[in-house]
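Please walk through the local geometry of the model shown here, one site at a time.

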Amino acid sequence: MKPALNLPNTALAILFVLLLFAPMATQLLSLADGRSTDTGENRTLSSAPGLPDTLDGWIAYPATVERYYRDNFALRAPLLNTANILKLTLGIDLAPHYVAGKDDWVFFSNDATTEVLRGARPLEQNDLAAFRANMRRTQQQLGDIGILFLYFAVPEKQSIYPEYLPGRIEQVGPSHLDQVSTAEASSHYYVDVKSVLLAAKTGEAGKGRMLYHELDSHWTCWGAYLAYRAIVEQGLLSTDVSVPLVKEQEIAYRNLSSFNKTDYLSLDFWTTPVTSLSPRDTAYECLLEKDARVQMQVVKTGTVLPYINGEQYPPEASYPDTDVLFQNWHAVNRNPRVSLKALVVRDSFASRLTPYLNRTFSEVLYVHYLPIRRGTLRVAIEEFQPDVVIYEFAERQLNDRLHRVVDILERGLKE
């Protein structure tokens, strides 16, 4: 006698097989999205490898093909999105360096960052004193040749919105940034951006606007604008350095509800892999009037960088080659009312500052900190002749006893 057919189990098995082979079938039918860059993941996806012509190439070929397929298999976006939805629903961290917080917030972190931010690894006073002495030496070194020096740290998202962290992470003391800000409270070349953002978050001036994205680790254009205003008002205007300030009234601010990435019927769900998924994900825009006198381009290639008016995406997000983020950018403002030049040592957070800084100075040279080698910053200063050097870095750079922040400047300024 034949066993009875269990329809639910059979249907489930058929569905499983279809899902298992759907990516391969879609790939063979050329239905996959052929983009080379994923702006949601902020990186360049692996390209198709050619046949190797060396023994070492053949040995590495299987791993190369695997990397390509992992980045480009069909239906990759919806499958990743579905997995991330399940993780967030269950409160599981999306990846080793992404902490799932409350209300579907996601934080970039690792063990060192988390311990430093919650105050479990405070700085020794001698380390803090050495850091201040080194930064003061840089200020004096640049001051001797007539250049004003300013520096500030961009707070991590969890420093501004700790209430969205999971309950297992509790504050036990001051972070390294808190200690630096307290020690530099009387300094005229340090800007305490964290205090500015916290005040805007809780005060009337903030207007309830979000300062950081719920999903991305970067600040919104509004958070960046408040930092920019503090830099100009506290670091420049207060020391009688005359520069124009982009005023809030010049900005058309829009708080746009983005698409619901958990909607299986939306086109975005099927085409846009993202770090995490939330119906509360929001797009922010701080739009300025377009100014034909302001232009920014990549120094190495001359490629013009768009979005210098404050649109949704930062400049580097427009290009398949994500290496543009680490190259030098040069902005020119032909407004006759501006005359001073600035050199900005930066990371990705400064991308949101460009719409405002480009209108404040006649020229701005943006130098990413990662490619800085011995003497390269000194050469850039000699050739560009800036009036102001602004050093911007993320709070996480303060993790390693402050050495990393100092070493970047000292190495770049050496003979």
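**A guided reading of the model**

His218 sits in the loop between α8 (193-202) and α9 (221-236); helices (H or I, at least four residues) and strands (E, at least two) are DSSP runs numbered from the N terminus. This is a predicted model, in which local features need pLDDT of at least 70 and side-chain atom pairs count only at pLDDT 80 or more, while totals for chains, interfaces and linings use all residues. Residues are numbered from 1 along each chain as its sequence is written, and side-chain values use heavy atoms, with hydrogens and water left out.

With a relative accessible area of 19%, His218 is buried (buried is under 20%, exposed over 50%, partly exposed in between, with a 1.4 Å probe and protein chains only). Leaving aside residues up to four places away in sequence, His218 touches Tyr212, His213, Ser348 and Phe349, where contact means heavy atoms within 4.5 Å. The side chains of His218 and Ser348 are also joined by a polar contact of 2.6 Å. Such a contact is a pair of N or O atoms within 3.5 Å; within protein, one must be able to donate a hydrogen and the other to accept it, and residues adjacent in sequence count only if both atoms are side-chain atoms.

Next comes the disulfide, defined as a pair of cysteine sulfur atoms within 2.5 Å. The count comes to one disulfide, and it joins Cys221 to Cys286 with an S to S distance of 2.2 Å. Cys221 lies in helix α9 and Cys286 in strand β7 (residues 282-287), so the pair ties together parts that are 65 residues apart in sequence. The torsion about the S-S bond of Cys221 and Cys286 is about 75 degrees, so the disulfide is right-handed. Both Cys221 and Cys286 are buried.

Backbone torsions are the next topic. Most residues other than glycine have a negative phi. Asp240, which is not a glycine, has a positive phi of about 65 degrees. Asp240 is placed in the loop between α9 and β6 (252-257) and is exposed, at a relative accessible area of 73%. Gln385 likewise has a positive phi, near 55 degrees. Gln385 belongs to the loop between α12 and β12 (388-394), and its relative accessibility of 54% makes it exposed.
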